[in-house]
Amino acid sequence: MTDLRAVNTNTPSNGRHYLKPINPLEGPFSTSTQIFQLQQLPNISFLRRFFASGVSPAAMSAAKTKAQGIIDDNAVVIFSKSYCPYCKATKTLLSDKGAKFYTIELDQVGDGAAIQDALEEMTGQRSVPNIFIAHKHIGGNSDLQAQKSKLEEMLKDAGAL
Ligand SMILES: N[C@@H](CCC(=O)N[C@@H](CS)C(=O)NCC(=O)O)C(=O)O
């Protein structure tokens with residue numbers, strides 16, 4: 001809503017004063033004042049992240065612990081979404097090889113959004129599938145498909161075959 005309480009006035013030739021709507025993001029200060037004030041603010045990057053993604057720092061921390069636990073406990077992990085065709089291709093490839101793998105569908109669990117954010121921080125990858133073999137980050141479906149020739153050996157070494 002436009003805030004007309006704090007007003008800037010200008011005086012055009014007819015002598016009337018006009019209210020200039022205050023942009024709540026700008027405030028009634030000059031640019032140099034704003035820059036000065038921004039420099040005085042504490043580091044609020046975690047707040048910005050919270051409001052951008054809706055995931056609180058506490059939920060993010062819990063999600064990281066959960067994701068790392070899944071990676072530690074399983075030879076092959078696919079962080080997936082149930083409707084994702086790339087995830088399906090990954091599961092088909094691993095099933096055809098006869099591998100055991102653990103899948104979590106991030107669109108079907110309550111903390112899925114937090115886990116996706118956590119994985120992005122942990123691996124630099126936001127997309128699904130997000131694949132781990134032998135507790136190491138492999139990447140997405142295209143990365144897995146690119147390693148097809150040595151996949152069997154990787155799966156054996158991981159204990160998934
Ligand atoms: N090149 C990627 C493509 C993966 C991709 O685009 N996945 C989609 C879902 S089908 C995704 O993660 N979209 C963003 C999201 O769901 O947040 C791969 O091979 O894994």
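**Reading the ligand shell and the sheet**

Mentor: Let's start at the ligand: the residues of the shell around it divide into 5 nonpolar, 4 polar and 1 charged. Keep in mind that this is a predicted model.

Trainee: Okay, which residues surround the ligand?

Mentor: You'll find Lys81, Cys84, Pro85, Tyr86, Ser127, Val128, Pro129, Gly140, Asn141 and Ser142 there.

Trainee: And which helices each supply at least two residues of that shell?

Mentor: Look at helix H4 (85-96) and helix H6 (141-146).

Trainee: Now the sheet. How do I read one, and what order do the strands have here?

Mentor: Strands of a sheet pair through backbone hydrogen bonds, either parallel or antiparallel. Here, 4 strands form an open sheet in the order E4-E3-E5-E6, and the pairing is mixed.

Trainee: Which strands stand at the edges?

Mentor: Those are E4 (102-105) and E6 (136-139). Each has a single partner strand, so one side of each is left without a neighbour in the sheet. As you step from one strand to the next, the twist averages 20 degrees.

Trainee: How many bridges join E5 to E6?

Mentor: There are 3, and the two strands run antiparallel, with E5 covering residues 130-133.

Trainee: Zooming out, how many helices and strands does the chain have?

Mentor: It has 7 helices and 6 strands. Starting at the N terminus, the elements run β-β-α-α-α-β-α-β-α-β-β-α-α.

Trainee: What share of the residues counts as buried?

Mentor: That's 20% of the chain's 161 residues.

Key. Residues are numbered from 1 along each chain as its sequence is written. This is a predicted model: local features need pLDDT of at least 70, side-chain atom pairs count only at pLDDT 80 or more; totals for chains, interfaces and linings use all residues. Two strands pair if DSSP finds at least two bridges between them. Axes are lines fitted to C-alpha atoms, for helices over the stretch in contact, and angles run from 0 to 180 degrees between N-to-C directions. A residue is near a molecule or strand if its C-beta atom, placed from the backbone, lies within 6 Å of it. Ala, Val, Leu, Ile, Met, Phe, Trp, Tyr, Cys and Pro count as nonpolar, Asp, Glu, Lys and Arg as charged, and the others, Gly among them, as polar. A residue is buried if 20 or more other C-beta atoms lie within 10 Å of its own, exposed if 12 or fewer, and partly exposed in between; C-beta atoms are placed from the backbone.
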